[in-house]
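Reader: Could we go through this structure together? I would like to begin with helix packing.

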2 protein chains.
Amino acid sequence: MKTKYERLLSLYKEALIVEEVLMFLYWDRDVTMPKGGVKQKAEQVAYLSQLEHEKRIKPEIGILLKEIQNHSDYNSFTELEKRNVFLINRQYYKIINIPPEFVGEFNKQCVIANDAWEKAKDESDFSLFLPELEKMIDFNKKYAHFLNPDIDPYDALIDYSEPGMTQEKFEKIVNPLKEATVQLLKKCIEAEKQPNLTILSRKVPIKLQKKLNNDVLKLVEYDLNRGRLDETVHPFTTGNYDDVRITTKYYEDNMISALMSTMHEAGHGTYEQNVGKNGRYQPIGMWCSDGIHEGCARFYENIIGLSNPFWKFYFPKLKEVTGEIYSEVSLEDFVFAINRTKPTAIRTDADELTYNLHIILRFEIERDLLNGRIKVEDLPIIWSKKMKDLLDYEVQNDAEGVLQDIHWSDGLMGYFPTYTLGNIFGAQIFSQLKKEIPNWETQIESGNLKVVLDWFKVNVHERGNIKDSHEMVKEITGEEVTSEYLINYLQEKYTYLYDLD
Amino acid sequence: MKTKYERLLSLYKEALIVEEVLMFLYWDRDVTMPKGGVKQKAEQVAYLSQLEHEKRIKPEIGILLKEIQNHSDYNSFTELEKRNVFLINRQYYKIINIPPEFVGEFNKQCVIANDAWEKAKDESDFSLFLPELEKMIDFNKKYAHFLNPDIDPYDALIDYSEPGMTQEKFEKIVNPLKEATVQLLKKCIEAEKQPNLTILSRKVPIKLQKKLNNDVLKLVEYDLNRGRLDETVHPFTTGNYDDVRITTKYYEDNMISALMSTMHEAGHGTYEQNVGKNGRYQPIGMWCSDGIHEGCARFYENIIGLSNPFWKFYFPKLKEVTGEIYSEVSLEDFVFAINRTKPTAIRTDADELTYNLHIILRFEIERDLLNGRIKVEDLPIIWSKKMKDLLDYEVQNDAEGVLQDIHWSDGLMGYFPTYTLGNIFGAQIFSQLKKEIPNWETQIESGNLKVVLDWFKVNVHERGNIKDSHEMVKEITGEEVTSEYLINYLQEKYTYLYDLD
């Protein structure tokens with residue numbers, strides 16, 4: 001019986017090793033590959049992707065799962081062992097029901113849709129993307145049906161990224177956040193006290209920025225002996241355990257952009273470096289959900305990286321490295337500037353406060369699209385109306401509106417909510433951290449980030465995937481998932497920054 | 001029937017894609033991997049190695065090979081198609097007869113032997129390596145038997161690296177070279193005219209060296225859009241077709257070392273970049289043999305890179321880049337210095353002339369070991385005696401003698417001859433090039449290396465593996481393989497340099 005369990009785990013590990021190699025091929029494609037090698041790399045990727053899929057749907061897995069779970073000894077399994085079996089079972093039955101022909105057709109349609117999206121975005125003309133987007137929605141509906149035919153299609157898609165989450169639950173969690181954010185944003189815009197943003201565009205030589213970013217990585221306990229930092233157009237994290245690689249992007253006239261990207265990816269990266277505590281190459285020794293992953297990244301980027309205590313410690317060091325550039329800037333002005341909030345068109349440029357509004361907008365549109373409550377052709381108008389309602393922003397054209405994100409043309413629907421769930425998880429877990437480390441601020445101010453980050457490591461990273469995200473958050477904080485803590489955090493922060501009542 | 005042939009090729013391609021990924025994992029291990037990732041990488045490598053092996057011995061290949069070759073339509077196959085079938089057949093039956101348990105045990109023994117070798121070398125004490133080397137010889141004998149039970153074991157090992165080659169043939173080719181080299185070396189040492197070697201150790205900043213090396217890569221038609229140059233402890237080439245990566249090693253006080261390493265690897269690299277002309281991912285669109293591969297590298301490194309015409313063109317450019325450092329050095333002195341010949345202990349540091357003596361020594365020892373004509377325990381004495389006879393060099397200790405090479409502890413026997421075969425092939429092919437491009441010297445002097453290298457590309461690289469090496473050399477030059485051309489080349493070169501009669 002235990003032999004069967006071990007065999008099951010070894011099959012899981014096999015697929016995971018192929019996945020590791022695949023992640024690494026993608027890393028190479030974006031970081032080190034000579035340009036001419038692109039087609040050859042695509043062939044390698046295609047071959048290994050197929051191999052990974054075969055490994056994950058191997059009939060032997062199905063047989064072992066039945067034999068183990070139906071065996072009388074199964075009751076004597078530990079909770080963690082049962083969780084391993086449960087997770088392999090869940091993944092197996094999600095994938096096994098998807099016909100391989102469907103995967104092939106969906107992938108083809110993604111290539112076509114991506115192409116159409118790029119052209120449409122270039123010409124800022126939604127009508128060029130419309131027919132392909134309609135097809136993508138149909139594909140997503142079918143996909144959702146394969147994942148779980150018994151529930152609402154959009155719920156099936158959300159559940160794939162964030163097991164246990166539904167649109168109803170998400171609405172309940174997020175609606176108070178939406179309301180509070182809209183009001184808070186309005187107050188900030190109307191406030192008398194406003195930040196001086198020009199200090200952010202001071203030119204800092206890339207060489208100095210590299211020094212700062214490497215410095216910060218050490219501060220936030222990202223292990224450079226088991227990882228590396230490179231430059232790419234779009235920052236990302238890839239790899240796991242002892243080989244986790246992150247990237248950033250430098251702009252000479254936007255130093256804070258690279259630093260925050262690096263903090264964000266270090267949040268993803270340290271998660272992957274520490275996640276295997278419960279058993280490497282086992283499901284319980286893997287990341288929990290997209291939302292928790294994003295929560296880790298946002299914790300490092302926003303809650304730590306944009307905080308007053310962090311800059312109280314690090315601003316003098318930054319001044320040392322950058323010499324004249326920031327010599328006369330006060331800590332207060334600097335922290336205010338990097339935390340400015342402002343309605344803007346593009347999600348990826350949004351600040352900590354407005355970001356969630358961009359996500360809520362997308363969630364509502366996806367929900368209504370999948371449920372047939374709105375028509376695809378009406379999207380530009382709906383998008384503009386929501387941008388006006390939520391952010392008081394007038395969308396100028398399709399490129400900065402409905403066409404800005406790659407997700408839909410990539411076949412990704414139901415993924416957007418995980419970004420805001422990340423913020424919500426992060427803030428709720430942070431509230432617990434503050435209870436357990438009451439002097440967290442003075443610790444960070446004195447450069448002792450380790451105390452704070454070690455708490456996060458033990459309580460989040462090392463938990464791996466022993467519970468689904470909402471249960472895990474409850475286990476850590478003693479409460480159901482709620483946006484209350486994020487609302488309080490944002491209100492406190494922005495009230496202080498903008499000197500609100 | 002053609003469907004079966006296509007299926008056979010697609011199975012071959014599958015294994016090759018896995019091999020490509022493997023090569024790339026090794027590249028990463030040596031170039032970009034964070035140090036902490038070494039165990040994880042080893043697991044990936046082990047898994048993919050096993051996968052590649054499984055792909056190569058898939059029973060379906062054996063069935064297809066029989067069906068295709070026994071079919072009445074097989075006669076209507078083109079020569080190239082038949083060559084593909086022949087090569088897959090040859091590889092399949094070489095591998096299929098090796099029991100997997102044997103591979104496992106051999107690999108284990110290599111790890112143990114490698115460890116013993118390192119310790120022995122560190123302490124310069126052959127007796128520490130002796131028992132492991134004895135085991136390695138036994139393993140090699142068994143291995144040879146699996147490869148081909150009907151021929152002499154050492155012949156089977158040589159044939160594995162250089163199909164069609166035997167010890168008898170090699171001796172016949174190489175004995176005149178041995179004799180001529182010993183005499184020529186003696187004359188050079190006794191010559192009145194001697195080079196000024198101090199100019200070679202002038203310090204050249206690594207930054208400038210990098211510029212020179214990248215420059216030279218363009219000159220020798222290595223396509224940097226389909227390749228890249230990195231730094232490693234031991235220079236190497238890996239990859240194929242559109243993604244071929246080379247490495248070099250810089251020493252501040254030995255500029256010529258990096259340049260010649262780069263030329264050498266560019267010789268390997270351009271071969272791989274051009275070799276697929278007859279059909280990528282087919283056996284005929286692959287490299288021919290280790291000897292031909294080495295021949296390509298030596299052609300670029302020695303015949304071009306150490307030649308007078310090349311430096312007539314490039315020395316002024318080198319002076320431009322390095323400013324004061326070489327400003328007063330004459331072309332003649334420089335070329336003489338980089339071509340100096342001298343008896344030295346270490347093969348990898350040997351010059352163009354003495355290098356082959358180091359190889360012949362190893363060949364004779366391997367031959368006699370495998371045939372039981374000498375005892376392992378006598379190796380240090382035999383080594384010293386041969387070094388004295390061939391190079392008039394007094395070996396000081398085991399570390400600079402019998403323990404210097406990693407090959408035997410890595411399980412490689414019968415491989416050494418390919419190095420000298422490379423030199424022999426290169427010189428013989430070069431003689432044909434000179435016939436077909438009589439003004440080759442003035443072409444190179446004027447920087448038009450393309451004319452010369454394009455000839456080499458068409459005649460060597462692009463031939464891929466349509467013939468075994470000795471047949472290919474005959475096809476290119478109209479003559480059986482002979483060391484005559486290498487002897488003439490060396491005599492002409494060193495007579496000129498050392499002003500001999």
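Author: A definition is needed before the helices: axes are lines fitted to C-alpha atoms, for helices over the stretch in contact, and angles run from 0 to 180 degrees between N-to-C directions. Please also note that this is a predicted model.

Reader: At what angle do α1(B) and α3(B) pack, and how far apart are their axes?

Author: Helix α3 of chain B, residues 59-70, packs against α1(B) at an angle of about 145°, and the two axes are 10 Å apart.

Reader: Is that crossing of α1(B) and α3(B) left-handed or right-handed?

Author: The crossing of these two helices is left-handed. On the α1(B) side, the contact is made by B:K4, B:Y5, B:R7, B:L8 and B:L11. From α3(B), the residues are B:E60, B:I61, B:L64, B:E67 and B:I68.

Reader: Turning to the sheet in chain B, what is the strand order?

Author: The order is β1-β3-β2, in an open sheet of 3 strands with mixed pairing. β1 (227-231) and β2 (237-240) of chain B each have a single partner strand and stand at the edges, so one side of each lacks a neighbour in the sheet. From one strand to the next, the twist averages 15°.

Reader: In which sense do β2(B) and β3 of chain B pair?

Author: They pair in the antiparallel sense, over 4 bridges, with β3 spanning residues 243-248. Within this pairing, B:T238 has B:R245 of β3(B) as its bridge partner.

Reader: Which helix packs on the sheet?

Author: Helix α1 of chain B, residues 2-31, does so, touching β1, β2 and β3 of chain B. The direction of α1(B) makes about 150° with that of β2(B).

Reader: Finally, how many residues of chain B are in contact with chain A?

Author: There are 26 residues of chain B in contact with 25 residues of chain A. On the chain B side, α1, α2 (38-56) and β1 each supply at least two residues. The largest share, 7 residues, comes from α2(B).

Note on methods. Residues are numbered from 1 along each chain as its sequence is written. Chains are lettered from A and ligands numbered from 1 in the order in which they are written. This is a predicted model: local features need pLDDT of at least 70, side-chain atom pairs count only at pLDDT 80 or more; totals for chains, interfaces and linings use all residues. Two strands pair if DSSP finds at least two bridges between them. Two residues are in contact if their C-beta atoms, placed from the backbone, lie within 7 Å. A crossing is left-handed if the near helix is turned anticlockwise from the far one by less than a right angle, and right-handed if clockwise.
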